[in-house]
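Me: I've got this one open and want to go through a few spots. Can you take my questions as they come?
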Amino acid sequence: MTKPTEVLILGGGIIGLACAWEAARRGFRTTVVEAGEFGGQASGAAAGLLAPYSENPESPDPFFQLCAESHSLYPAWVRELEELTGRSAELRHSGSLNVAFHEADFLSLRARLEWQSKYGAGFELLDAAELRRLEPALSERALGALYCSDESHVHAPQLVGVLEEACRRSGVRLVAHAGNVTLLKRAAGEGVIVESSFAGRWQADRVVVCTGAWSGFVQEWLPVHVPVHPIRGQICAYDVQGGHIRHMVFSSQAYWVGKNDGSLVCGASEDMAGFDRSVTEQGIGRLTRWSGSVYPFLQDKRPSRSWAGLRPATLDGWPLIGCIPEAPELIMAVGHYRNGILLSPATATLVGDLLQGKSGKFGNAFGIERFSPAGKRRGVG
Ligand SMILES: Cc1cc2nc3c(=O)[nH]c(=O)nc-3n(C[C@H](O)[C@H](O)[C@H](O)COP(=O)(O)OP(=O)(O)OC[C@H]3O[C@@H](n4cnc5c(N)ncnc54)[C@H](O)[C@@H]3O)c2cc1C
């Protein structure tokens, strides 16, 4: 295949925008076609946690390595975006606390401490008194915590806005409200033609599919099965002006993160509700009960806001990033599930490498082949 020059990105969530910015920086003429609004789906709903350690309690598998790599790229990536746009993504290196409420919780925290200390700095097992010195608003029921100084967070909707602006300033053509998008034709060496209901037709040498939870529909016009489905996340925020919470706090049932605007975000449910994005009394009720029990000052308080988004999940929870062997002009970057904000810089780098014909450092660990009968791993798929 000759060097592609026209790259079409389908989907303008954080993954599509991050890939578009990277493609433009590598010299490709790039267009993003978004069915609705940029960042209008999962990316705009996210809490913005960048937590490679807390999200990977089990083992240093390739998914953990990808998360850790992406986290290490974040400071320079955000700095470049902010310098280019003059806008802030509110990256905060707050550190995190995984809190134990039962003696048994310490078993898994100690196991994590043992293997994760080899990969990151600043882990410490805290007793109740040490924990309360760091986070005085926590309930007295908290027995201790695993402290990790190396986790951070961003304001996800603001980061999406910064990326959109960076794309614009880097010459990326941005098409929103395109409606339903269909692949009309693809022919080896001739590229791909894509048509949308409301915004016209495009021809490209390469198409990068970044359609989040809707990627299962895209398979109608792809030569492969795309095993991605939506998992609803319900989430809420309290108005706690005065900064009660200093760190990201995780319990076995929920997490809490304080934002610069004085809100304390508490997330998130994991429900199977198809493509329904509404919030339910049951979903938010569970979060508010936990909030009151973990933070006594929230006991009689109602969240000031609640919302929901659809996480794009694959069958094994790992993202799907790679070329489609049967259609090399198509690249997939979907299925980022709970960690799409964290994984944006690493995904963009992998996609940039694929566009330039390089294989990237993770080989095909995240490729679609793993879902074929021959490639099945970990007994799933
Ligand atoms: C409540 C909640 C909290 C979360 N918290 C975190 C967190 O703290 N940290 C973290 O790292 N991750 C978090 N996530 C996960 C993260 O939000 C997702 O993994 C990430 O946003 C996925 O990005 P995306 O661009 O693939 O998907 P999306 O943001 O959903 O974007 C996909 C886009 O594709 C568009 N689209 C669909 N079909 C088509 C088509 N045919 N043509 C053109 N466009 C199309 C859609 O309109 C959409 O805008 C959270 C998710 C939720 C729901």
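Me: What does the side chain of Gln 241 reach at 3.1 Å?
Reply: The backbone oxygen of Asp 261. Keep in mind that this is a predicted model.

Me: Which side chain does the Gln 241 side chain make a polar contact with?
Reply: That of Asp 239, at 3.3 Å.

Me: Where is Gln 241 in the fold, loop or strand?
Reply: In the loop between strand E13 (228–239) and strand E14 (248–250).

Me: Is Gln 241 buried or exposed?
Reply: Exposed. Its relative accessibility is 56%, and the cut-off for exposed is over 50%, so Gln 241 counts as exposed.

Me: What does Gln 241 touch, leaving out residues up to four places away in sequence?
Reply: Asp 261 and Gly 262. As for Asn 260, it sits 19 residues from Gln 241 along the chain, and their C-alpha atoms are 9.5 Å apart.

Me: Switching to Thr 347. Which helix is it in?
Reply: Helix H9, residues 344–355.

Me: And is Thr 347 buried or exposed?
Reply: Buried. The relative accessible area of Thr 347 is 1%, and buried means under 20%, so it falls in that class.

Me: What does Thr 347 touch, again without residues up to four places away?
Reply: Ile 15, Cys 19, Ile 321, Ala 333 and His 336.

Me: Which backbone oxygen does the Thr 347 side chain reach?
Reply: The one of Leu 343, at 2.7 Å.

Me: Now domains. How is the chain divided?
Reply: Into domain 1 (6–56 + 157–227 + 315–375) and domain 2 (92–151 + 230–312). Their centres, taken over C-alpha atoms, are 30 Å apart.

Me: How many residues are in contact between domain 1 and domain 2?
Reply: 21 from domain 1 with 29 from domain 2.

Me: What about the domains, how many lining residues does each supply?
Reply: At least three each from domain 1 and domain 2.

Me: And the lining of the second largest pocket by class?
Reply: Nine nonpolar, seven polar and seven charged residues.

Key. Residues are numbered from 1 along each chain as its sequence is written. This is a predicted model: local features need pLDDT of at least 70, side-chain atom pairs count only at pLDDT 80 or more; totals for chains, interfaces and linings use all residues. Side-chain values use heavy atoms; hydrogens and water are left out. Ala, Val, Leu, Ile, Met, Phe, Trp, Tyr, Cys and Pro count as nonpolar, Asp, Glu, Lys and Arg as charged, and the others, Gly among them, as polar. Domain bounds come from an automatic or database domain assignment. Helices (H or I, at least four residues) and strands (E, at least two) are DSSP runs, numbered from the N terminus. Buried means under 20% relative accessible area, exposed over 50%, partly exposed in between (1.4 Å probe, protein chains only). Contact means heavy atoms within 4.5 Å. A polar contact is a pair of N or O atoms within 3.5 Å; within protein, one must be able to donate a hydrogen and the other to accept it, and residues adjacent in sequence count only if both atoms are side-chain atoms.
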